[in-house]
Amino acid sequence: MRVTVLFLAAVLVSSALRAAPVESLGRPCTPIHYLGGAAVRDTAEDVTYVALSAANEADPMSLLFVNPETDDVRVAQAPAGSGAWALAQIPGTNQVAAGTYYDGKVLVFDLAEGRFVKEIPLENQACIWNFAAGRDNRLYFGTYPGGLLCALNPGDLSVEVLGAGAPPN
C-alpha cells in the first residue's frame, strides 16, 4: 500500500513538473542592508554628507556618502569587513571611521582623497561597537568578544586599548 501511494505521488509530481514551464527570472537579488549612519562634514568641499555603511553578504562592505542637497551619492567599497555598526567622523579631521564586524577592524576613510587610508585590526576581537567622541578629541569604542574599551587617536590613527570594564572580560 505504502509503495503504491509513493509511486502515485511521484507520477503526479512528475506530470505537474512537465506541464509547468520553467522560466528564468534572472539573477537573484543580493542582500544589502544599511547598519550604521552618521552626518559627516567634508571640510575640503564644504559639504555635509549622510554617511551610511552598507553590509553585503557577497562582497566587503561599502560606505555611501549622500549629499542631501543634490542627491549625489558617492560609494566606496571597503578593503575589509562584512559590515559596520560603528560609523563616525574622526574629531578634528576630514576622515570617517568605520568599525567592522567578523574581522574586528577600524577602517579609516579620507573624504578629501576619496579612499580608505588605514586598516587597524584589533587582535582577537570580532566586532567594533559604536563610536563616541571624547572631550580629548579621541574616538572611543567597545569591542566583542573581549569587552574592551578602546580609543582612536586622530593625530596618528593609532588605537589605545584601555582595558575591559569587568570580569570575565
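In which strand is Ile128 found? Ile128 sits in strand β9, residues 127-133; strands here are DSSP runs of E, at least two residues, numbered from the N terminus.

Before going on, this is a predicted model: local features need pLDDT of at least 70, side-chain atom pairs count only at pLDDT 80 or more, and totals for chains, interfaces and linings use all residues. Residues are numbered from 1 along each chain as its sequence is written, and side-chain values use heavy atoms, with hydrogens and water left out.

Back to Ile128. Its relative accessibility is 0%, so Ile128 counts as buried, the term for under 20% relative accessible area, with exposed being over 50% and partly exposed in between (1.4 Å probe, protein chains only). Leaving aside neighbours within four places in sequence, Ile128 is in contact with residues including Val106, Leu122 and Phe141, where contact means heavy atoms within 4.5 Å. Val106 is 22 residues away along the chain, and the two C-alpha atoms are 7.4 Å apart.

Next, Tyr144. Tyr144 belongs to strand β10, residues 139-144, and is partly exposed, at 48% relative accessible area.

Last, Arg74, in strand β4, residues 72-77. The Arg74 side chain makes a polar contact of 3.2 Å with the side chain of Tyr49. A polar contact is a pair of N or O atoms within 3.5 Å; within protein, one must be able to donate a hydrogen and the other to accept it, and residues adjacent in sequence count only if both atoms are side-chain atoms. The Arg74 side chain also reaches the backbone oxygen of Leu111, at 3.2 Å.

How values were computed
Helices (H or I, at least four residues) and strands (E, at least two) are DSSP runs, numbered from the N terminus.
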